[in-house]
Amino acid sequence: MSTPCYAEFFPQGLIFTQHKLATKTPHHTPVFRCRSQSEPKIINPRNPQRIKVPTETRPPHLSSFNDYKEPHFVKLLHRSCKAGNYDEGLYFLECMVNLGHKADVILCTKLIKGFFNSKSVDKAAKVMRILDRYGEPDIYAYNAFISGLCKANRIDSANQMLSRMRDRGFSPDIVTYNIMIGSLCNRGKLDLALRMMDQLVKDNCVPTVITYTILIEAMILEGGIGEAMKLFDEMLERGLKPDMYTYNTIIRGMCREGLMDEAFEFFSSLTSRGCKPDVISYNILLRALLNQGKWDDGEKVMREMFLNDCAPNVVTYSIMIGALCRDGQLDEAINLLKIMMDEGLKPDTYTYDPLISALCKEGRLDLAIASLDHMISSGCFPDIVNYNTILSALCKSGNADEALEVFGKLDENGCPPDVSTYNTLISALWNNGDQTRALRLVSEMISIGIDPDEITYNSLISCLCRDGMVDKAIELLGDMKKSVFLPTVVTYNIVILGLCKAHRIGDAIAILEEMVMKGCQPNETSYILLVEGFGFSGWRVEAMDVANTLYKMNAISNLSLGRLNRTFPVNDVYGGFTRTDNYIKT
């Protein structure tokens, strides 16, 4: 196999490094930058040199394999795969082929799947190279490798492997095509998926119900239910019989577009189509109705569900509990939770999440934390969404120390923090005046491999501006431009506000100009902040001149112009009146 085909198999990522950002305190603020990793050295798999076996993967109890026969290696390799020790398995595979034995395709396929499951794309590629050179890959091995590449978002590499398959005399089967089509659809590339479907037909490969269902689901999201129904009709014309997953996908698509009458009509036709609606069908309809606040219609769906001997499941109750919480009927939601448990159903994190969120919004933090404890005691371990809800509520109520206590136990509870967790605590600590601990959390987040997101940047820039450290905020804005998260209008507005508060109007104008040059369109808030900057710096006449110009350009509304006029009144010849060109107020 040629080197370019494998060049994409090695993961490229971002490494966040830290440099010092001086503040007014003796402490230093770490600011994150990102840079690309240096590309790994790619070895041509056709190079005749022997495979270099890494010593770190060698099992300590085995020193030499020179006297081992092929069956011994197969046995060792099988044992390693069964135990999930794929690094050890790769070591045995390398030793095996170096001694002239053939790579076993079945065990290599298991290794490939194992490495992809553990996100070790480069090692999976290494196994595939060994199999390609020292064994005989089959369609199952190729499919496993292509599937792994697709899941790792290496679509180009997957396409290259597809070509490699053809070169080796293997025709892609329906599994191969379903993998590729599914991966393209998941990434919003429906046009390429449809082209792949055309190629499938050209290769005399027959599409299945799964093929069409994947495309229908993607078409609903990109082209609408009308276009999706054309695929459904084409599917029927081919003599394929849809399953309940297909039917439920269509019902969901109709509900998504608010076509409730059509959804119920299609739902009612399922029996005549030879399919009985399942609990998922009812849940889709129930969720759509309750999202629209149609409780009476939702009750009818529940009655029909019971009449057809279709028992509600955890999702059914979770939908109703979530709707009750959203409508402010928290006590009814708690009662329904009790009924659910009396029925022998075990609530999950999705059941508790709206309850905990509603309790936090109502300020009933003690009950929210008690719900979290009850979850754990009943064997339902909270996810990071549940914890983030509690942490956010604790921080907003001024209990940052208690939030940090909960945060400190996350790993112990088997729920490591994510970037949202850190964002919540960083903002809370900074707002409480504890910059040192806030910045320490930023460093900790980066050091454990959690990448800052747009909210992290915006929060820190806002905190710096609010504390008068605008130059440091601008420095961080520069770092953000080099990251994967480009500054948005919100980011620029934060900096403009900070500069205007510091009466640095020239710098604020420069930031606005840069914003436009970078292709980020200012919004009404951007312009109002600038006008207010002029006005609060003592240039009221100039402020209102700018405001009038912006109004004529339809950049700000008449309502905003009026508010600015009241904030910065300018007396003129109309004595007793405050007047602008477009707005007169007594």
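Visitor: Which side chain does K481 meet in a salt bridge?
Guide: K481 pairs with the side chain of E514 at 2.4 Å, N to O, where a salt bridge is a side-chain nitrogen of Lys or Arg within 4 Å of a carboxyl oxygen of Asp or Glu. This is a predicted model, in which local features need pLDDT of at least 70 and side-chain atom pairs count only at pLDDT 80 or more, while totals for chains, interfaces and linings use all residues. Residues are numbered from 1 along each chain as its sequence is written, and side-chain values use heavy atoms, with hydrogens and water left out.

Visitor: OK, and where do K481 and E514 sit in the chain?
Guide: K481 belongs to helix α25 (residues 470-481) and E514 to helix α27 (residues 505-517), so the pair links distant parts of the chain, 33 residues apart; helices here are DSSP runs of H or I with at least four residues, strands are runs of E with at least two, and both are numbered from the N terminus.

Visitor: Which residues do salt bridges that share partners join into one network?
Guide: D132, R164 and R168 are joined in that way.

Visitor: What's the N to O distance for R168 and D132?
Guide: Their side chains meet in a salt bridge with 2.3 Å from N to O. This pair also links distant parts of the chain, since R168 is in the loop between α7 (155-167) and α8 (174-186), D132 is in helix α5, and the two are 36 residues apart. D132 counts as buried at 5% relative accessibility, whereas R168 is partly exposed at 30%.

Visitor: How many salt bridges does the rule give?
Guide: The count comes to 18 salt bridges. One of them joins E136 and K102, whose closest N and O atoms are 3.3 Å apart.

Visitor: Changing topic: what surrounds D453, and how far is the nearest side chain of opposite charge?
Guide: D453 is buried yet has no salt bridge, the nearest side chain of opposite charge being K396 at 15 Å, with Lys and Arg counted as positive, Asp and Glu as negative, and His and the chain ends not counted. D453 lies in the loop between α23 (435-447) and α24 (454-466), and it touches V419, N423 and F485 (heavy atoms within 4.5 Å), leaving aside residues up to four places away in sequence.

Visitor: Last one: what is the phi of K119, and of N554?
Guide: K119 has a positive phi of about 65° although it is not a glycine, and N554, another residue other than glycine, has a positive phi near 60°. Most residues other than glycine have a negative phi. K119 lies in the loop between α4 (105-117) and α5 (121-134) and is exposed, at 69% relative accessibility, while N554 is in the loop between α29 (540-552) and α30 (558-567) and is exposed, at 70%.

Notes. Buried means under 20% relative accessible area, exposed over 50%, partly exposed in between (1.4 Å probe, protein chains only).
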